[in-house]
Amino acid sequence: DPGRGATQLPPARAEASFWAPNNATQSWCELHRTDTDIGSLGPNLLPANTVFQTGKSGTGWLLNSAALGGFDGQQTQVPACAGSVFGGVAYYAGRVYLPCDGDGLVALSVDTTAHTITTPGDWTQAVNPGPPIAAMGLIWTRNQSGSTVYGFDPATGSQRVSVPLS
């Protein structure tokens, strides 16, 4: 079923648990019907059996990978972006980095023990980012036009590298 958010399959390939999102105003069926579901990227596995998921609605969810929770069974949900998220996210040192349409590259602090997500107020980069990656101590992304690659400090958000591509 394309409307479901996640399904867990044991070795016998029978469904063990599933999760389907709900945000403050729409059920998972409505998110699917309006094409604001989570189909724009896959889940991100974090420490402590935690899964971070976001998508076209801009909402971020934390799930327990051992028991996904069923309908609206997430551990927490927050507005992660004003716009949609496409392509993928990166995780590094307790933060998830998102390529948010209209916002830029955004960092969210994730506590996988307390199951909370917070937004560091000083960590949004006004670039039109592609999917980020964490490598060599930086958070890397390219702009959507593909003309520049950026490297940002994961803690402060300061730009450390900007390389034009030709």
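Guide: The model is predicted. The count comes to three salt bridges.

Start with helix α1, residues 28-33. Here Arg33 forms a salt bridge with Glu30. Their closest N and O atoms are 2.6 Å apart. Both residues lie in the helix, three residues apart, which is about one turn. Arg33 is exposed, at a relative accessible area of 61%. Glu30 is partly exposed, at 27%.

Next comes Asp35, which pairs with Lys56. The closest N and O atoms of this salt bridge are 2.4 Å apart. This pair links distant parts of the chain, 21 residues apart. Asp35 is in the loop between α1 and β3 (44-46). Lys56 is in the loop between β4 (50-53) and β5 (59-64). Asp35 has 47% relative accessibility and counts as partly exposed. Lys56 has a relative accessible area of 16%, so it falls under the 20% limit and is buried.

The remaining pair is Asp153 with Arg160. Their salt bridge brings the closest N and O atoms to 2.8 Å. Asp153 is buried, at 12% relative accessibility. Arg160 is at 51%, so it passes the 50% limit and counts as exposed.

Side chains of opposite charge can pair when their charged atoms come close.

Terms used. Residues are numbered from 1 along each chain as its sequence is written. This is a predicted model: local features need pLDDT of at least 70, side-chain atom pairs count only at pLDDT 80 or more; totals for chains, interfaces and linings use all residues. Side-chain values use heavy atoms; hydrogens and water are left out. A salt bridge is a side-chain nitrogen of Lys or Arg within 4 Å of a carboxyl oxygen of Asp or Glu. Helices (H or I, at least four residues) and strands (E, at least two) are DSSP runs, numbered from the N terminus. Buried means under 20% relative accessible area, exposed over 50%, partly exposed in between (1.4 Å probe, protein chains only).
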